[in-house]
Every structure is written in structure tokens, then in C-alpha cells.
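Trainee: Could you walk me through this one? I would like to start with the surface and then go on to the charged pairs.

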Amino acid sequence: DLEVKGMFRIAVTEEGKNANSGLYFRANPPADNVNGYPEGYEAQICNSQEAHTGWLWKPGKGVGKASKLLTKDGEWFVMRVKAVGPKIEIFINDELVTTYED
């Protein structure tokens, strides 16, 4: 079980306009490539795709759709991920946007 909270911002630059990142949790590096993408969950940080900030990903697949996009490029926001047992919740600026049960 965990609860993690952080402040994030997608920069407003030419390189940042299509930025795609995320917060990994309950994850481990792949056994065959310790520098590869972690195998586990990812809370998406991205404003330029349909699978935007707040979506939940599980290796390469969106499994929890965020109810709305609450973030904008260049603005700081708070993301909180709460994972207790099989239930995962993602909050953006204290608003629940994703609930998923695995």
C-alpha cells in the first residue's frame, strides 16, 4: 500500500509541447534491462494526447481513463496516487480523476 504526492509541471518549450512522462509506482526495472521502462503502474503526465494527465497505465496499456484533463502546460499541479490493496486512485489538484481496481 502507498500514497505518494508530488508537484509537477510540463514546460512550455518547443521540446515540451509534446511531453509525455509519468509517475511509476508498484514497479520494477525489467530483469533483462535495468535501464528499461519499469514494469508496473504509471500515472500519466501528458497534456497533448487523449491519454492525458491522470490516466493509469499498466505496461504499455491504458487501463484507467481520467475523467477530465485538469492540467495545462506551464502550470504547476499536484498529483496524488493512492494504492491500497487492489484499488488505485489518482487525484489532480485534490480532485479524483481515476479509480481502478486490479
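Mentor: Accessible areas here come from the Shrake-Rupley method with a 1.4 Å probe, and for residues only the protein chains shown count as cover. On that basis the accessible surface of the chain comes to about 6,100 Å², and 49% of it belongs to carbon and sulfur atoms. This is a predicted model, in which local features need pLDDT of at least 70, side-chain atom pairs count only at pLDDT 80 or more, and totals for chains, interfaces and linings use all residues. Residues are numbered from 1 along each chain as its sequence is written, and side-chain values use heavy atoms, with hydrogens and water left out.

Trainee: How many helices and strands are there in the chain?

Mentor: There are 0 helices and 8 strands. Helices (H or I, at least four residues) and strands (E, at least two) are DSSP runs, numbered from the N terminus. The order from the N terminus is β-β-β-β-β-β-β-β.

Trainee: What radius of gyration does the chain have?

Mentor: The chain has 13 Å, which agrees with the value near 13 Å for a compact globule with 102 residues. The radius is taken over C-alpha atoms, and the globule rule is 2.2 Å times the number of residues to the power 0.38. Along its principal axes the C-alpha trace spans about 35 × 30 × 20 Å.

Trainee: And what share of the residues is buried?

Mentor: Of the 102 residues, 35% count as buried. Buried means under 20% relative accessible area, exposed over 50%, and partly exposed in between (1.4 Å probe, protein chains only).

Trainee: On to the charges. How many salt bridges does the structure hold?

Mentor: It holds 5. A salt bridge is a side-chain nitrogen of Lys or Arg within 4 Å of a carboxyl oxygen of Asp or Glu. Side chains of opposite charge can pair when their charged atoms come close.

Trainee: Which residue pairs with Asp-1?

Mentor: Arg-26 does, with the closest N and O atoms 3.8 Å apart. Asp-1 is exposed at 72% relative accessible area, while Arg-26 is partly exposed at 33%.

Trainee: What is the phi of Arg-26?

Mentor: Near 45°, which is a positive value in a residue other than glycine. Asn-93 also has a positive phi, of about 50°, although it is not a glycine. Asn-93 sits in the loop between strand S7 (87-92) and S8, and is partly exposed with a relative accessible area of 41%.

Trainee: Back to the pairs. Which residue forms a salt bridge with Glu-3?

Mentor: Arg-80, and their closest N and O atoms are 2.7 Å apart. Because Arg-80 lies in strand S6 (residues 77-84) and Glu-3 in strand S1, this pair ties together parts that are 77 residues apart in sequence. Arg-80 is buried, at 18% relative accessible area, whereas Glu-3 is partly exposed at 47%.

Trainee: What about Lys-58, what does it pair with?

Mentor: With Asp-102, at 2.6 Å between the closest N and O atoms. Lys-58 is in strand S4 (residues 56-58) and Asp-102 in the segment after strand S8 (95-101), so to speak distant parts of the chain, 44 residues apart. Lys-58 is partly exposed at 31% relative accessibility, and Asp-102 is partly exposed at 44%.

Trainee: New topic. Is His-52 buried or exposed?

Mentor: Buried, at 12% relative accessibility. His-52 lies in the loop between strand S3 (39-45) and S4. Not counting residues up to four places away in sequence, His-52 touches Gln-44, Cys-46, Ala-66, Lys-68 and Leu-69. Contact means heavy atoms within 4.5 Å.

Trainee: Which residues does Lys-17 touch?

Mentor: Ser-48 and Asp-73, again not counting residues up to four places away in sequence. Lys-17 is in the loop between S1 and S2 and is partly exposed at 43% relative accessibility. The C-alpha atoms of Lys-17 and Cys-46 are separated by 9.5 Å, with the two residues 29 apart along the chain.

Trainee: Last one: what share of contacts joins residues at least 24 apart?

Mentor: It is 47%, among contacts between residues at least 6 apart in sequence.
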